[in-house]
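Subject: Structure for your review

Dear colleague,

Please find below the structure that I am handing over to you. My notes on it follow directly after.

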Amino acid sequence: MTTYLIPDISQALNTNINLIFAHKNGGIMKIHEYQAKKLLADYGIAIPKGAVANTAAEAEQIATDIGGEVIVKAQVHTGGRGKAGGIKKASTPREAGEIAKQLIGTKLVTHQTGAQGLPIPCVLVEQTLKTSRELYLGVVLDTSQGMPVIMASEAGGMEIEEVAQSTPEKILKTWIHPTRGFWAYQARELAFGLNLTGNTFKAAVSMIPNIYRLFQDKDCSLVEINPLVVTTDDRLLALDAKLNVHDTATFRQKAIAEMRDTSQEDPLEVEAKSRGIENYVKLDGNIGCIVNGAGLAMGVMDILKLSGGQPANFLDIGTVNNPDRVVKAIEIIVSDPNVKAIMVNIFGGMARVDVIATGLVTAAKQLGSKMPPTIVRLAGTNVDAGEEVLAQSGLEFIRAKTFTEAADKAVAAAKGGLA
């Protein structure tokens, strides 16, 4: 029996959780800044004057309509746009058009996108503002408390994660109880905590319940204004905005669902969804994973890390009693050029192992030489019938009896050590 130290398991688990829920979408639908600001405006939250442009000519016309200096902002689903050259100031309408021409249709590479970057489909052209302070205001679901939390900070303009790590005392929080709802005193407490006075205090007390109402009404997982600026003429405006919606709620948020920009998502994840595979997340490793059950899928990723390997994806195929679904899953995994081996770890409960085995055989026959070395561990309902399906297929699957054996063989196969 193999024994692992708890710190090693924790490290692997944390790595994989970060990959799934931070590195990628993790069950959320993102929208562009200009779309998020439109929703903010619908809820009475002040935003800068501006409009979205799909061409250089449109950008020039918007800048003309605004008058004076403008900011041209690349619309991509990533942070760090300013540092990457995706946000630029234009002194004239012509310059705004030139900047838009340079940005639209290219890719923006930030610390969040990786080297591949994200395409820029359009730009947001906005008026410039003279500001005296930059604040932070956001709403997110606090899973540790089981309720939404509104967060505010005087350290606006910085990533809230950095603020939480370096100066957590600068973050003000108020939790919204699901049965009691939002109370007016909570908005006043946050506004006082931000050291607002006069007109900006009144604006904040009005804005805070509205941002929470937007969060609730639109099934959001995040609504964030960063920075929320105080202008020199004593106004409070959302200079930047981010809004994410739960994927599972898009069936009742049809207007938001239509805002989805698949060019900002990984092509394989988009393709997987189009084939009915909802629980696929592409990662950066070279070992494809096919597992039934989210917990078991996470466990497979953990043990691959502990064995020295790198998972190429998270994939929970769920309760599968249709071979075609297995075939589609394998086709998606093989479409990733980084995949050098596949680890299949199935524990049949309501899912039948023989059906999954049939799907594996069908996929292997269809793909032929394109099918990488495949390590298979089967257990559970109809496992004997599943083993018989593999044995009679005439195909060379690499078999494993235990979790650890399967992971070790998958890592070796990915390195070219097994055939």
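With which residue does arginine 260 form a salt bridge? The partner is aspartate 247, and the closest N and O atoms are 3.3 Å apart. A salt bridge here is a side-chain nitrogen of Lys or Arg within 4 Å of a carboxyl oxygen of Asp or Glu. Arginine 260 lies in the loop between α8 (254-257) and α9 (267-274), while aspartate 247 lies in the loop between β13 and α8, 13 residues apart. Helices (H or I, at least four residues) and strands (E, at least two) are DSSP runs, numbered from the N terminus.

Please note that this is a predicted model, in which local features need pLDDT of at least 70 and side-chain atom pairs count only at pLDDT 80 or more, whereas totals for chains, interfaces and linings use all residues. Residues are numbered from 1 along each chain as its sequence is written, and side-chain values use heavy atoms, with hydrogens and water left out.

The structure holds 21 salt bridges. One of them joins the side chains of arginine 81 and glutamate 33 at 3.0 Å, N to O. This pair links the loop between β3 and β4 to helix α2, across 48 residues. Arginine 81 is buried at 7% relative accessibility, and glutamate 33 is buried at 5% (buried means under 20% relative accessible area, exposed over 50%, partly exposed in between, with a 1.4 Å probe and protein chains only). Both residues belong to a salt-bridge network that also includes Lys37, Lys73, Glu126 and Asp240.

Turning to the nonpolar cores, each is a set of buried Ala, Val, Leu, Ile, Met, Phe, Trp, Tyr and Cys residues joined through side-chain atoms within 4.5 Å. The largest has 38 residues, and among those touching the most other members are Ile31, Leu40 and Ile150. Helix α7 (198-217) is among the elements that supply at least two residues of this core; its share, eight residues, is the largest. A second, separate core of 34 residues includes Ile290 and Ala329.

Finally, there is an open sheet of four strands in the order β2-β7-β3-β4, with antiparallel pairing (two strands pair if DSSP finds at least two bridges between them). Strands β2 (50-53) and β4 (87-90) each have a single partner, so one side of each is left without a neighbour in the sheet. Strands β3 and β7 pair over five bridges, and alanine 74 stands opposite valine 123 in β7.

Yours sincerely
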